[in-house]
Amino acid sequence: MAGQPLDRCKPSDVVATLDALRTFLGVGSCVFVVAADQQVLEEALTRALKQATPIDAVNPYYSSGTGYLDKVFQYQLSLPPLLVPKVTNFAADLVRGRGGLWAAMDVNLVVSVLVPSHVRSPRRVKALLNTFALTYRLAQRRAADRLLEMDPTKRVAEIAKLVCLRVEFPLFARDLLLDHRLCEYVLALDANPQADLGHHVSEQVKQAARRYSSLDADVDQRLSDPEDRDEREEEDGEEASPTVREHHAQQLVAYLKKTRNVPGPGRDLIFMETSGSVFGLPATVAETLEQQAQNAEVEEVLASVSSLSVDERPAALALLTQQARDAIGLEEENVAYAVLSVCGDTSISLNGTADMAVETLTPILANSPHALPDEVLAGCWRLALASDRPAALKMRLIVLRHSSVRETASVAAMVMRRVGSALEAEPALVQQLVSHHLLGEEEDMADMLAELPSPEAATLMTQVAPVVSNQLRTLIETHEAWRKAKIQPGAVASDSPPEPESPQLALQRLEGLLEHWCEDNPVAAHAVVELLLASDSQLCRTIVERNADAIPTIKETALARTVLASAWRRSTDQWPAWLGMLDPRSSIDDMTEQFDKLLEVLWERASKLDAELEPEVLVLVADSFMRLFDNQPSDRCPHITSFVLPSFSQPASDEEAAEQLRLLDVLQPLENSGLLKRLEFVPHQAAALTELLADGDDLVVSDDGAILAYIDALLNDCLRDLGSPGSAPLSPDQVRAVQNALDDAGWLPGLDQTRLRIRARYLLLTGGIDADGLQALPSATEMASYARNRPNRVGETLATWIALEQPSVSELLTAVSASLRQQLPLQTDTALLQAVASRLAALSAQDQSGFWKELLGGPGTHLPERTLTAAGWPSLPDAFTAELLIDRYARASRNPDRRAVLDLWKAANVTSPAVRRDLIQHMLIPMLEINQGAAEIVIHYLPQLMQSVPRGMGKAVREAVEASGTKWSSLEQRGTKALKAIGYTTERTGLLKLRERISRSNDN
């Protein structure tokens, strides 16, 4: 019977097996052949056999395992060990001449590398050969699959070296995963224990290399150590002899020296995959990138990637991302930062890589987000934006919360350029960051905002406006408080705290953005306006006011309310600019409160006794309001009436009446613009007027006092709308109440009451209010008395009375004769003259003639030509005019009276030829014969009285004029000149034709 390899068993199993063999030793024909390593069996027996025989120091044979073996095995054959060359040749002979993979390589080279010098066992040789064959086939397969970028036939020695290390020194081979150049490091330290391995070598690799070179590391698991827990407990617990470990380590160093000229093994062989092969990168490039990334050589990584073609750069990024996925510990962060630095290169497309990179890097960064280097922030942000995975949102948060984004405006500006993504990550933080840097000392954030496309800028400013506003207010208030404290009486400069940050720079920056966006980004511009006004500072309101003309029209109700709420805090003359920012087409229903406040302040400022508001300013302000109100329903438009009414009350003295008149003057431009609602204001004023007229008995009234002026103004204001289109402010009953109160106001001076009564009655009748129930108007005699007592102010009142009363000719004469007979033309009232002319035109010619005959009276009465013309004298029929003129001439006995008659003729519009002949025959020709003074008057008036001589009168006129010239030689030439002026021609007479006379041809 052939025994199994007994030397592979545990010591306890070895003893048990040998005991079993001894049981059958006495059986005939039973032979046991056991192949085993005698040294292993003896060691096993020595350690595990419980021998009763006492240890014999004199004969140690009987106390050793050899003695036991001699009892079991009667025949022992020891095979000699193989020499080193023999082992190598043995290995070569095993594969030489065989086909397959062995035929394609240098067998001698392979086995010389594959089999180390300490190997003696043929079994070990076969294990090395078989492992090499499998490893070589695996390399071929990986190369065929394009995972290994190499030709295995050209790297057989390197493969053999790798196989030997894995089989003979497996613990060392495992450490090759840390750095495939570990072989080189061990040899370098063996030659010089103080050798510098370089900064690129990690501390872990350096320590491993030192242990191997100093023979202080296990290169394989020692089989002599107990394997079973029970057996280990039976041992004394001491470690195996260190000489075994050292000897084994010496074998490793010896082998490395032997194969120092064999390269590698390379990293690609260790992992059976070429770095970058999956990504289409050359192996050397991939290994370089991975090494640089692993060692946190960010600048070198960027340089390496930049040296690649544009098409290869995404592959490099994918390679590094995969490396980050596989890395651990410190290397994990190093590679992650390298990936982010590459992502910062905008020439590298992140398409196809971003999702995996985000999923890989986000957990790494989340462990220490604040350790993220500043130089990779840009890449981190770009990567986070390139993916829509949930992890990308977390990565954005990591960037946004980074200290550099808070501390450095340029970094924050870089992040905020992607407005939507930043706001999606954490809106509140974005608001704080933008506000912090926008109001800070650096310009980067403002410059970035100005460069943003309009939609993004509008979105961002709308979001951050509330926070910016609050921080700006704090900034302004803090600085203002410091400034006030500094100028306080008794303040000591040395005790003053340092000046806080001034808001001026921030305000200039905001104004610059406002000016920039006013041109083409109304939403962003409005956001700046809103945050400035919400800061509730005069400094901010000044900025808005300064740019009011350029600010785009505001349609949004909330902002419009803010503008209105800010406007009343500014100077009134600037209100048109504020109101001009609002869209007149917008509904004002939601802004009533703000408009009411403005109107209240407007009246408060305008009505002050020492107000400096010019009427022109009030007109502009009122027009600005009405620009907004014109398109609104009238019943929903704000108006100033409710704020005005409390200012108007019944005066009790001239001083109070004067104040009321002043307020009426102030109110006039506001009323004219439409800001005053007359339907409410006029009834209030009418009631006050009626009450004043009824209760004014105790008032002291003078002709030129303010009370009368106040009553006059209110009367006109209350009644002037009667008959106007639309709803009248006063009902007929209210109007009659005013009129009756005026008629009954006996405390008024009589003449002023008359004037006011007539004025009121005229306004009533022209407004369509009948006179039923009203007192009769003053009589003609009363009006005549009024005219005599008020000669300078009678015209309008008399004219109104005439229009209302339509008096007869006798009444008309009674009322107006005194006024019309005034001698000063400038005092003649046009309105009165027109009223007289109008009334005369309605009377018969006989009445008109009687009026003029009575008015003109005797020959000495003289009326100015303007008065005659305006009062209707030229409208009297020619026959009546001639009769009146001839009668007056007949009664004239003096030349001045005769001149007055000619003045009447000149003022009359006599056109009838027959009447003109009568006037010439009965007045002109006789007057030429009376005396030289009369003749001079006729010659003077002749061109004014007629443009031509009536037919049949040419000769008579010529002869009369020539006769006066013959009679009074001084009149000869003047007479000839007058005749020429009315159309007479002349002729030359005498021997030398020197004398000029009127031609006789004119007689016909």
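Predicted model: local features only at pLDDT ≥ 70, side-chain atom pairs only at ≥ 80, totals over all residues.
Trainee: Okay, which residues touch the most other members in the largest nonpolar core?
Mentor: They are Met416, Leu532 and Phe625, in a core of 171 residues; such a core is a set of buried Ala, Val, Leu, Ile, Met, Phe, Trp, Tyr and Cys residues joined through side-chain atoms within 4.5 Å. Buried means under 20% relative accessible area, exposed means over 50%, and partly exposed lies in between, with a 1.4 Å probe and protein chains only.

Trainee: And which helix gives the most to this core?
Mentor: That is helix α26, residues 454–486, with ten residues; helices are DSSP runs of H or I with at least four residues, strands are runs of E with at least two, and both are numbered from the N terminus.

Trainee: What does phenylalanine 625 touch?
Mentor: Leaving out residues up to four places away in sequence, phenylalanine 625 touches Trp575, Leu579, Phe595, Leu598, Leu599, Leu602 and Leu675, where contact means heavy atoms within 4.5 Å. There is also a second, separate core of 73 residues, which includes Leu812, Leu868, Ala907 and Leu971.

Trainee: Switching to α20, how many of its residues are buried?
Mentor: Eight of the eleven residues of α20 (390–400) are buried, so this helix is largely enclosed by the rest of the structure. Among the buried residues are Met395, Arg396 and Leu397, and the buried residues of α20 pack against α18, α19, α21, α22, α23 and α24.

Trainee: How many salt bridges does the structure hold?
Mentor: It holds 43, each being a side-chain nitrogen of Lys or Arg within 4 Å of a carboxyl oxygen of Asp or Glu. In one of them, the side chains of glutamate 426 and arginine 401 meet at 2.9 Å, N to O. Glutamate 426 lies in the loop between α23 and α24 and arginine 401 in the loop between α20 and α21, so the pair ties together parts that are 25 residues apart in sequence.

Trainee: What about glutamate 511, is it buried or exposed?
Mentor: Glutamate 511 counts as buried, at 12% relative accessibility, whereas its salt-bridge partner, arginine 546, is exposed at 54%. Glutamate 511 sits in helix α27 and arginine 546 in helix α29, 35 residues apart.

Trainee: Which residues are linked in a network of salt bridges?
Mentor: Glu671, Arg678, Asp717, Arg720 and Asp721 are linked in that way.

Trainee: Last topic, how much space lies in the second largest pocket?
Mentor: About 830 Å³, where a volume is the space filled by probe spheres set on grid points that are joined across faces, edges and corners. On a 1 Å grid over the protein atoms alone, a pocket is an open set of points where a 1.4 Å probe fits, with protein on both sides within 12 Å along at least five of seven lines, and lining residues have an atom within 4 Å of a point. Of the 32 lining residues, the closest to the centre are Arg267, Phe271, Gln294, Gln323 and Glu331, and α17 gives the most to the lining, with five residues.

Note on methods. Residues numbered from 1 in each chain as written. Heavy atoms only, no water.
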